[in-house]
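Morning, everyone, and thanks for coming. Let me put the structure up on the screen, and then we'll walk through it together.

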Amino acid sequence: MKLLVVYYSMYGHIHRLAEAIAEGAGEVKGAEVELRRVPETLPEEVLKKMGALEAQKALAHVPTCTVEQLGEADAVIFGTPTRFGNMCGQMRQFLDATGSLWAQGALVGKVGSVFTSSNTQHGGQESTILSFHITLLHQGMAVVGLPYAFPGLMVIDEISGGSPYGASTIAGPKGERTPSENELAAARFQGKHVATIASKLTR
Ligand SMILES: Cc1cc2nc3c(=O)[nH]c(=O)nc-3n(C[C@H](O)[C@H](O)[C@H](O)COP(=O)(O)O)c2cc1C
């Protein structure tokens with residue numbers, strides 16, 4: 001069973017969650033898990049102005065994803081930072097290049113799942129994940145979230161991302177916060193949950 005974690009991360013928060021997702025998915029017997037970034041669409045000059053160059057260097061070792069690779073996977077877990085309550089433009093552009101997969105029904109019946117990150121606690125994490133699901137449904141994917149079987153969704157004595165729609169982290173107003181243990185546990189759970197379902201479907 002092939003599982004791809006496909007994401008965009010400007011400052012590293014989504015990347016850290018992606019690693020935890022992959023860790024969880026890797027616990028499932030027979031799962032081949034790979035991390036892939038979607039191609040950058042912004043010029044270096046703009047990334048510099050956004051203070052993203054250092055973080056981008058640290059992610060450079062992660063290979064970029066091709067549209068064809070999506071078609072070869074049994075499950076895809078997508079990660080995107082929130083941009084005005086929606087997915088980022090880099091991810092949108094990548095998905096908008098999957099028309100040929102749609103025409104062939106290449107993703108029909110594959111498992112799809114989404115995780116996110118935002119600076120603020122109520123800054124649109126749920127709308128980002130739910131609106132992302134629309135594209136996955138158009139592609140015929142079986143959408144999987146993060147069930148309440150993960151007990152960390154009940155945590156209220158600390159700030160935490162994570163919802164039944166998917167794992168998430170709150171990066172803080174200046175991006176200074178790193179994913180908490182509960183958020184990383186949510187990501188691991190989602191990875192394992194998606195991989196378990198995909199394994200059953202590919203038996
Ligand atoms: C153009 C733009 C729009 C953003 N919109 C939101 C938003 O709607 N809500 C929010 O809380 N954070 C917003 N952010 C902050 C990002 O979500 C945050 O930088 C990101 O989650 C960090 O993830 P990363 O480290 O993987 O890039 C926005 C950032 C940019 C650059």
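Let's begin at the ligand: 17 residues are around it, and Ser9, His13, Thr82, Ser117 and Thr120 come nearest. Near here means that one of the residue's heavy atoms lies within 4 Å of the molecule. Before going further, a word on what you're looking at: this is a predicted model, where local features need pLDDT of at least 70 and side-chain atom pairs count only at pLDDT 80 or more, while totals for chains, interfaces and linings use all residues. Residues are numbered from 1 along each chain as its sequence is written, and side-chain values use heavy atoms, with hydrogens and water left out.

Now the polar contacts, meaning pairs of N or O atoms within 3.5 Å; within protein, one must be able to donate a hydrogen and the other to accept it, and residues adjacent in sequence count only if both atoms are side-chain atoms. Thr82 has a backbone N or O atom 2.7 Å from a ligand oxygen. For Ser117, an N or O atom of the side chain lies 2.7 Å from an oxygen atom of the ligand. Asn119 has a polar backbone atom 3.1 Å from a ligand oxygen. On its own the ligand has 640 Å² of accessible area, and the protein covers 83% of that; these areas come from the Shrake-Rupley method with a 1.4 Å probe, and for residues only the protein chains shown count as cover.

Next, helix α7, residues 125-138. Helices (H or I, at least four residues) and strands (E, at least two) are DSSP runs, numbered from the N terminus. With 14 residues, α7 reaches 21 Å from first C-alpha to last, close to the 20 Å expected at 1.5 Å a residue; the expected span is 1.5 Å times one less than the number of residues.

Which residues of α7 are buried? They are Gln125, Thr128, Ile129, Phe132, His133, Thr135 and Leu136. Down the axis of α7, the buried residues fall within an arc of 160 degrees, so they line one face of the helix; the arc is taken over the directions from the helix axis to the C-beta atoms. Leu137 and His138, on the other side, are exposed. By buried I mean under 20% relative accessible area, by exposed over 50%, and by partly exposed in between, using a 1.4 Å probe and protein chains only. The buried residues of α7 pack against β3, α5, β4, β5 (142-143) and β6, contact being heavy atoms within 4.5 Å. Just after the helix, Gly140 takes a positive phi of about 80 degrees.

Let's zoom in on Thr128 in α7. Thr128 counts as buried because its relative accessible area is 0%. Leaving out residues up to four places away in sequence, Thr128 touches Thr80, Thr82, Gly85, Asn86, Met87 and Thr116. A polar atom of the Thr128 side chain lies 3.3 Å from the backbone nitrogen of Asn86.

That takes us to Phe84, in the loop between β3 (75-81) and α5 (89-95). Most residues other than glycine have a negative phi. Phe84, though not a glycine, has a positive phi of about 55 degrees. So is Phe84 buried or exposed? Exposed, because its relative accessibility is 87%.

One last stop: Pro164, in the loop between β5 and β6. Pro164 counts as partly exposed, at 28% relative accessibility. Not counting residues up to four places away in sequence, Pro164 touches Gly145, Leu146, Tyr148 and Leu153.

That's my tour, so over to you.
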